Amino acid sequence: IINNQIDEPLDLRPRTVKAILDQAPHVTTFSGREKPYGYVDWWPISMYFNCSVKPYDDPKVRWAVAYCVDQQQLVDVGWDGAGQTSDGPFPYYPGLVKYIDTIRDLIKQYNPLEVNLEKSAKLMQEAGFKKDKEGFWVDADGKRPNADIWAGVPLFGDIAPVTAEQLRKGGFDAKHVTPPDVWAGKGDGRSMLHFFGHGGSVDDPFTTLDMYHKREVQPNGKDCGANRPRWSTDKYSAIIDELGKTPPTDKKCFDLFRQAMEIWYKELPEVPLVQWFHRTPWNTTYWDGWPTPANPYNSSMWHLTMPIMLWNLKAKK
């Protein structure tokens, strides 16, 4: 793209985009030449637990891990400030924000963005763990919990190592691992912690909430499908069943949403990390009409939206 050989690459990491912009005045992004170099995707990223395996079947351990994670540091260090933290499983789209705004008190109460190593240590001790001579948590048998993060390069190669270091500071023997079959391992249950996004709701919250229904829980060894953390409860599933029968126009949806999210935050089947952005730089040498905030359209070709790009782009004379 710097050498005018292509018009658009796949999604790139923020530091790579900045390096391109520094060298190529003919290249732009959705946000111009300024951060975050893109627009919010429907795929907010979380660090999922395998909630079907000890010790991550215990919400105390899950919250202990969460208190070690500094999401703002992931944005500041991993993304060079070009991004946004996430406090839940939803993209910050207008239709969803109107729901999220009704549970701000719950989000404040549980606060998944809080960094607190003292709270983390207290929860681990309550769960029966103590630290070994090297300062890492071990169970009653002296075994360290598997805290390796299966994420993947290049997609998460900038923020996963930062997260692993944060967990190590909290006493978890963690590292970012990328075996050749990392994507399969994230789905079949071999990973106790893994990074992935939510291809779910964009307007009302049902599609994302339904991912955590108990009918979606798959056994280890089989691909996780929609329910990546292999978590659910009967009470939560009953709420989702009721929500599925309720028209989105019914105000009852907001009450059911609140009930479901209170269980979700209390149980915390995953650690919300960051909003995901489509960062696809565009070459303006040959074409006008690339997306902008004034003309927002999805130009990410892997979303099967290439035709929209063709409808908008105009060849330069």
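**Close-up views of a predicted model**

The structure holds zero disulfides, a disulfide being a pair of cysteine sulfur atoms within 2.5 Å. This is a predicted model, in which local features need pLDDT of at least 70, side-chain atom pairs count only at pLDDT 80 or more, and totals for chains, interfaces and linings use all residues. Residues are numbered from 1 along each chain as its sequence is written, and side-chain values use heavy atoms, with hydrogens and water left out.

View 1. C68 counts as buried because its relative accessibility is 3%; buried means under 20% relative accessible area, exposed over 50%, and partly exposed in between (1.4 Å probe, protein chains only).

**View 2. An open sheet of five strands.** The strands follow the order β7-β6-β8-β3-β9, and their pairing is mixed. Helices (H or I, at least four residues) and strands (E, at least two) are DSSP runs, numbered from the N terminus, and two strands pair if DSSP finds at least two bridges between them. At the edges stand β7 (176-177) and β9 (270-274), each of which pairs on one side only.

**View 3. The pairing of β3 with β9.** Strand β3 (residues 45-49) joins β9 in the antiparallel sense over four bridges. S46 stands opposite P272 of β9, while the bridge partner of M47 in β9 is V271. Five of the five residues of β9 are buried, so this strand is largely enclosed by the rest of the structure.

**View 4. The buried face of helix α3.** In α3 (residues 71-78), the residues Q71, L74, V75 and G78 are buried. Seen down the helix axis, the buried residues of α3 fall within an arc of 105 degrees, so they line one face of the helix; the arc is that of the directions from the helix axis to the C-beta atoms. These buried residues pack against α1 (14-23), α7 (160-169) and β9. D70 caps the N-terminal end of α3, with a side-chain oxygen 3.2 Å from the backbone nitrogen of Q72. Just after α3, D80 takes a positive phi of about 55 degrees.

**View 5. The largest nonpolar core.** A nonpolar core is a set of buried Ala, Val, Leu, Ile, Met, Phe, Trp, Tyr and Cys residues joined through side-chain atoms within 4.5 Å. The largest has 66 residues, and M47, F156, L167, F172, F195, L209 and L273 have the most contacts inside it. Helix α11 (residues 252-267) contributes the largest share of this core, eight residues. Apart from this core lies another, of nine residues, including L12, V17, I20 and Y37.

**View 6. The surroundings of T280.** T280 lies in the loop between β10 (277-278) and β11 (282-283). Its relative accessibility is 1%, and T280 therefore counts as buried. The side chains of T280 and E8 are joined by a polar contact of 3.4 Å (a pair of N or O atoms within 3.5 Å; within protein, one must be able to donate a hydrogen and the other to accept it, and residues adjacent in sequence count only if both atoms are side-chain atoms). Leaving aside neighbours within four places in sequence, T280 is in contact with residues including P9, Y37 and W302, contact meaning heavy atoms within 4.5 Å.
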